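Dear colleague,

I am passing on to you the structure shown below, together with its sequence. Please look through it first, and then read my notes on what was found in it.

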Amino acid sequence: GSATIWLFSTLLLQNLTSPKFLGRVIGLDFCLARLSETCIAFAAGRLEDNGRSNSEIAYLSSGIAGFMLAFWCTYHHMGYGAAKSKFNKVEQVPINGEEFHAFI
């Protein structure tokens with residue numbers, strides 16, 4: 001589930017990022033992914049310690065995921081993000097004196 005989504009977003013970042021910033025962007029992506037997992041685990045643990053049942057925590061998590069799905073679908077449908085036409089152009093990018101086609 002989430003590992004597949006993270007993999008696809010990482011591949012998208014690799015295709016859309018300039019080679020000189022690629023390491024920094026991938027590092028930031030990894031850092032934010034681990035930070036979000038840590039925050040979610042902490043919040044779920046606190047909710048369980050405060051007497052919430054596992055099913056209540058699961059319903060809350062699915063509600064947040066549903067909201068994010070609706071937000072992202074609306075954002076994508078409006079033409080922002082990777083759906084924007086500027087990201088779908090082919091451009092010549094020189095690397096080590098050679099040129100290759102890259103989707104930017």
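The model is predicted, and its mean pLDDT is 80, with 71% of the residues of the chain reaching 70 or more. Among the elements of the chain, helix H3 (residues 54-77) has the highest mean pLDDT, 92, whereas strand E2 (residues 98-103) has the lowest, 50. Where pLDDT is low, the predicted coordinates should not be read in detail.

As to the overall layout, the secondary structure comes to 3 helices and 2 strands, which follow the pattern α-α-α-β-β when read along the sequence. Helix H2 (residues 22-49) has 28 residues and reaches 41 Å from its first C-alpha to its last, which is close to the 40 Å expected at 1.5 Å a residue. After H2 comes Gly 51, and the phi of this glycine is positive, near 100°.

Of the 104 residues of the chain, 7% count as buried, and among the contacts with a separation of 6 or more, 17% are accounted for by residues 24 or more positions apart. The accessible surface comes to about 8,500 Å², and 66% of that surface belongs to carbon and sulfur atoms.

With best wishes

Methods
Residues are numbered from 1 along each chain as its sequence is written. This is a predicted model: local features need pLDDT of at least 70, side-chain atom pairs count only at pLDDT 80 or more; totals for chains, interfaces and linings use all residues. Side-chain values use heavy atoms; hydrogens and water are left out. Helices (H or I, at least four residues) and strands (E, at least two) are DSSP runs, numbered from the N terminus. The expected span of a helix is 1.5 Å times one less than its number of residues. Buried means under 20% relative accessible area, exposed over 50%, partly exposed in between (1.4 Å probe, protein chains only). Contact means heavy atoms within 4.5 Å. Accessible areas come from the Shrake-Rupley method with a 1.4 Å probe; for residues, only the protein chains shown count as cover. pLDDT is the predictor's confidence in each residue, from 0 to 100.
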